[in-house]
Amino acid sequence: MTSHLLALILSVIAVILPLRYGCSDVIGGHCVRPHSRPYMAAIQIRNETVCGGALVRKQWVLTAAHCKKKTLHTRVVLGAHKAFKAEKEQQRFKIMRFYPHPQFNRTSKENDIMLLKLDTMANLNKYVNLLSLPDTAEDVRPGTKCTVAGWGETSPGKLPKCLQEATVDVVDRKICGRKYYEKYKLNITRNMLCAGGKKRFSKRDACRGDSGGPLICGRKYSGIVSFGEKCGLGDKPGVYTQLTEIYIDWIKKTLSRNGEVWDRQDSPNK
């Protein structure tokens with residue numbers, strides 16, 4: 001197949017495929033060292049990972065609001081490397097309650113953030129541990145290298161053998177905003193940040209199944225996988241909910257209203 005024909009086929013596919021929440025995998029990723037990301041949570045329905053998340057307190061997982069699933073079969077798996085199979089290091093939980101942000105809007109995709117309360121507390125160890133919220137909520141500069149991880153498909157119908165991680169670069173919000181507004185009339189607000197790879201046909205990105213997973217920038221929890229275009233085939237970077245001061249305050253207030261005392265001494269970095 002010639003390069004011109006391949007480019008034409010990819011262009012046609014890019015026009016057909018819709019804007020996605022998540023997509024289906026970490027595009028351009030690689031397997032991480034087993035259990036080197038002990039804060040990662042797999043949100044599953046009948047053993048299928050539909051979203052990711054991060055354990056921020058022993059009984060609380062932070063994820064994306066669009067990951068709320070109305071089914072009794074939803075569960076959270078912690079301590080996984082191969083999330084599709086049972087591993088002795090795994091801890092499995094039912095979800096006691098969903099706490100999506102009260103101003104979450106599926107149309108504008110604003111405020112795509114949610115807390116999950118697990119039915120019991122996680123047992124913290126070298127396989128399961130917390131991810132600290134940032135102490136400050138500074139904007140992430142364009143060009144900053146970040147990492148995103150997940151268990152989504154690596155191609156249609158094909159699951160990864162392990163937790164995948166990719167390195168992405170933060171993209172200027174104005175440039176990203178123009179791209180999404182021109183085609184989808186979506187505003188990229190200061191509560192969002194954009195990141196991805198730079199090559200049109202060889203992207204690094206997050207996809208559907210990775211939604212809700214953490215974006216780590218400079219060892220700091222900076223964002224949550226929210227939405228993007230066409231799972232590595234489009235020309236637009238992925239969009240993340242940025243952990244701004246507004247969201248950090250909302251998280252702490254939600255936990256406080258549910259009897260969770262926020263004490264920095266409990267930080268996993270202490």
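Student: What makes the pair Arg173 and Asp139 a salt bridge?
Tutor: In this predicted model, the closest N and O atoms of Arg173 and Asp139 are 2.9 Å apart. The rule asks for a side-chain nitrogen of Lys or Arg within 4 Å of a carboxyl oxygen of Asp or Glu, so the pair counts as a salt bridge. The two residues belong to distant parts of the chain, 34 residues apart: Arg173 is in helix α2 (residues 173–184), and Asp139 is in the loop between β8 (114–118) and β9 (145–150).

Student: Which residues are linked with Asp139 and Arg173 in a network of salt bridges?
Tutor: Arg190 is linked with Asp139 and Arg173 in that network. By this rule the count comes to 8 salt bridges.

Student: How do you know that Glu229 and Lys236 meet in a salt bridge?
Tutor: Their N to O distance is 3.5 Å. The limit is 4 Å, so the pair qualifies. Glu229 is at 1% relative accessibility and Lys236 is at 8%. Both values are under 20%, so both residues count as buried.

Student: What are the terms for Lys88 and Glu89, buried or exposed?
Tutor: Lys88 has 74% relative accessibility, which is over 50%, so Lys88 is exposed. Glu89 has a relative accessible area of 15%, which is under 20%, so Glu89 is buried. These two residues form a salt bridge, with the closest N and O atoms 3.1 Å apart.

Student: Which residues make up the patch of positive charge on the surface?
Tutor: Lys68, Lys70, Arg97 and Arg106 gather there. Lys and Arg count as positive, so the charge of this patch is positive.

Student: How many helices and strands does the protein chain have, and how much of it is buried?
Tutor: The chain has 3 helices and 14 strands. Of its 270 residues, 53% count as buried.

How values were computed. Residues numbered from 1 in each chain as written. Predicted model: local features only at pLDDT ≥ 70, side-chain atom pairs only at ≥ 80, totals over all residues. Heavy atoms only, no water. Patch = residues over 30% accessible without salt bridge, like charges linked within 9 Å, V, L, I, M, F, W, Y side chains within 5 Å. Areas by Shrake-Rupley, 256 points an atom, 1.4 Å probe, with all protein chains shown as cover. Charge placed at Lys NZ, Arg CZ, Asp CG, Glu CD. Helix = DSSP H or I, 4+ residues; strand = E, 2+ residues; numbered from the N terminus. Buried < 20%, exposed > 50% of the residue type's maximum accessible area, 1.4 Å probe, protein only.
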